[in-house]
Amino acid sequence: CEIEYLRDPRDGEFKLIEINARTWLWVGLAAACGVNYPMYIYNNVNGLPNDFPAAYPVGVRLRNFWTDAVFSSLAMLKGHLKIGDYLNSLRRDGLIDAVHDKDDPKPFWAMTKMLFKLAKGR
C-alpha cells in the first residue's frame, strides 16, 4: 500500500494524509524483499493464514527509470548531483526497476509511449 504523510508547518508534526491500499509500482520492492503483498491481501480477505518472513534483504532499492531520469537530470543541471555519482548509483547491487523487466518489457514500453503522449499534450 501507499501511505503518505506531510509535515504540518504550523506545528512541525507529520500528519497522515492518505492510505491507498491498491498495489502499484511499489509492490515490486516488497516482492524483491520476499514479501508477497498481493498474496497476503488475498489470504487476509479470504480468512486464510499468512506466513510472514522472519527476515528480509537490506539494501534493496526500487527505481522508476523515467522518474529517476527526469529528477536526476534536474539535480545534475542544478549542480546537486554529479553524473559520475548518478551512474555509480545505477551499478550497485540491490537495484530493481519499478517498471522495466527484461523478461516482460511491454509495461516499460507502454509507459514510455504514454509519457511521450502526455508530453505532446495528447
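Predicted model: local features only at pLDDT ≥ 70, side-chain atom pairs only at ≥ 80, totals over all residues.
**View 1. Helices α3 and α4 pack against each other.** Helix α3 spans residues 65-77, and helix α4 spans residues 83-91. Two packed helices are described by the angle between their axes and the distance between the axes. For α3 and α4 the angle is about 155°. Their axes lie 10 Å apart. Angles over 145 degrees count as roughly antiparallel, so α3 and α4 are roughly antiparallel to each other. The crossing of α3 past α4 is right-handed. From α3, the contact is made by Asp-68, Ala-69, Ser-72 and Met-76. From α4, Ile-83, Tyr-86 and Leu-90 take part. By class, the residues of this contact are five nonpolar, one polar and one charged.

**View 2. Lys-82 sits in the loop between α3 and α4.** Is Lys-82 buried or exposed? Its relative accessible area is 62%. The cut-off for exposed is over 50%, so Lys-82 is exposed. Ser-72 gives a reference point for this view: Lys-82 and Ser-72 are 10 residues apart in sequence. In space, their C-alpha atoms are 9.3 Å apart. Ser-72 is also one of the α3 residues that make the contact with α4.

**View 3. Ser-89 is a buried residue of helix α4.** The relative accessibility of Ser-89 is 18%. Buried means under 20%, so Ser-89 counts as buried. Which residues does Ser-89 contact, leaving aside its neighbours within four places in sequence? They are Arg-61 and Leu-95.

**View 4. Helix α2 has its buried residues on one face.** Helix α2 covers residues 37-45. Its buried residues are Tyr-37, Tyr-40 and Asn-43. Seen down the axis of α2, these buried residues fall within an arc of 125°, so they line one face of the helix. An α-helix has 3.6 residues a turn, so residues three or four places apart point the same way. What do the buried residues of α2 pack against? Their partner is α1, residues 27-32. On the other side of α2, Tyr-42 and Val-45 are exposed. Gly-47 follows α2. The phi of Gly-47 is positive, near 70°.

Key:
Residues numbered from 1 in each chain as written. Heavy atoms only, no water. Axes fitted to C-alpha atoms, helices over the stretch in contact; angles between N-to-C directions. Helix = DSSP H or I, 4+ residues; strand = E, 2+ residues; numbered from the N terminus. Parallel < 35°, antiparallel > 145°, perpendicular 65-115°, else oblique. Left-handed = near helix turned anticlockwise from the far one by under 90°. Contact = heavy atoms within 4.5 Å. Nonpolar A, V, L, I, M, F, W, Y, C, P; charged D, E, K, R; others polar. Buried < 20%, exposed > 50% of the residue type's maximum accessible area, 1.4 Å probe, protein only. Arc of directions from axis to C-beta.
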